[in-house]
Amino acid sequence: MSRKAVIGAAGLVENIIDAGDVFTLPGKTLVPALAASPGDTWDGSQFVKPTPPPAPVPQVVTRRQLILGLYAGGYITAQEAEAAAMTGAVPAILAQVIDAMPTSAAGAARVTWASMSVAERGNPLWGAVITAGLATSAQIDDLFRAAAGL
C-alpha cells in the first residue's frame, strides 16, 4: 500500500488514498502522492499548490491611508500627497475625473474629498476613475488593499 493522489478533471487532486500498486479507479488517474493535498493540481510531472485568493477588499480606509496608498501606487506625486494631506488639495488624477463630471456631481465630489475622514470603496468617484480609463476595478481594489496596510 502506498499513498496516492486521485487525479480528476483538469488535473485536480480530488483525494488522497492508500492503495496497492494494482488498484485503479475508473476515469481517474492515480499518482504517488508525495506532498500532494486535495485541491492541488497535477501538471503531469509535479503537484502545484493552488494560488490563494486575494485578500478581501477593505470597503473603508482612512483619508491618510488613501493618500499614502495613492502615492505608494504611483497615482500621485509626493507633492500632491503632501498638499492633499495638508490643504485638502485634489490630486491631478482625481481632478481630471471630477472636472469631467456634471457640475452638481463635481461639486459633491470636491466637497467629499475636502471633508472626508474616510474613503469608501463604493464611492462613485472610483467608478468614474475606472470609466475614465485611469485604473481598472482590480487596480482600485488593490489600492484599497494596500492602503489598508499603511
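Leu-34 is exposed, with a relative accessible area of 72% (exposed means over 50% relative accessible area, buried under 20%, and partly exposed in between, using a 1.4 Å probe and protein chains only). Leu-34 sits in the loop between S3 and strand S4 (41-42), where helices (H or I, at least four residues) and strands (E, at least two) are DSSP runs numbered from the N terminus. Leu-34 also has a positive phi of about 50 degrees, although it is not a glycine. The model is a predicted one, so to speak of local features takes a pLDDT of at least 70 and side-chain atom pairs count only at pLDDT 80 or more, while totals for chains, interfaces and linings use all residues. Residues are numbered from 1 along each chain as its sequence is written, and side-chain values use heavy atoms, with hydrogens and water left out.

Ala-10 is another residue to look at. Ala-10 is not a glycine, yet it has a positive phi of about 60 degrees. Its place is in the loop between S1 and S2, and Ala-10 is exposed, with a relative accessible area of 78%. Ala-9 is found in that loop between S1 and S2 too, and at 63% relative accessibility Ala-9 counts as exposed. Along the chain, Ala-9 and Thr-29 are 20 residues apart, and their C-alpha atoms are separated by 9.6 Å.

Now for the strands around that loop. S1 and S2 form a hairpin with five residues between them. Strand S1 (residues 2-7) and strand S2 (residues 13-19) run antiparallel and are joined by six bridges; two strands pair if DSSP finds at least two bridges between them. Within this pairing, Val-6 stands opposite Asn-15 in S2, and Ile-7 stands opposite Val-13 in S2. S1 also pairs with strand S3 (residues 29-32), in the antiparallel sense, over four bridges. Here the bridge partner of Ile-7 in S3 is Thr-29.

Next come the aromatic rings. Rings of Phe, Tyr and Trp (its six-membered ring) pair if their centres lie within 6.5 Å, and planes under 30 degrees apart count as stacked, over 60 as edge-to-face and the rest as tilted. By this rule the count comes to two aromatic pairs. Trp-42 and Phe-47 make a tilted one, at 4.7 Å centre to centre with 50 degrees between the planes. Trp-42 counts as partly exposed, at 21% relative accessibility, whereas Phe-47 counts as buried at 19%. Trp-126 and Phe-144 make an edge-to-face pair, 5.6 Å centre to centre and with 85 degrees between the planes. Trp-126 lies in helix H5 and Phe-144 in helix H6 (residues 137-148), so this pair ties together parts that are 18 residues apart in sequence. Both Trp-126 and Phe-144 are buried.

Arg-63 lies over the face of Trp-113, at 5.1 Å from the ring centre (the rule asks for NZ of Lys or CZ of Arg within 6 Å of the ring centre and within 35 degrees of the ring normal). Arg-63 belongs to helix H1 (residues 63-72), where the buried residues include Arg-63, Leu-66 and Leu-70. Just after H1, Gly-74 takes a positive phi of about 80 degrees.

Grid points are joined across faces, edges and corners, and a volume is the space filled by probe spheres set on the points. The largest pocket has a volume of about 230 Å³. Its lining holds 15 residues, and Ala-109, Thr-112, Asn-123, Pro-124 and Leu-125 lie nearest its centre. H4 gives the largest share of that lining, five residues.

The structure holds one cavity of 30 Å³ or more, and the largest cavity has a volume of about 30 Å³. Among the residues lining the largest cavity are Leu-70, Tyr-75 and Trp-126. Helix H3 (92-99), H5 and H6 are the elements that give two or more residues to this lining.

How values were computed:
On a 1 Å grid over the protein atoms alone, a cavity is a set of points where a 1.4 Å probe fits but cannot get out, and a pocket is an open set with protein on both sides within 12 Å along at least five of seven lines; lining residues have an atom within 4 Å of a point.
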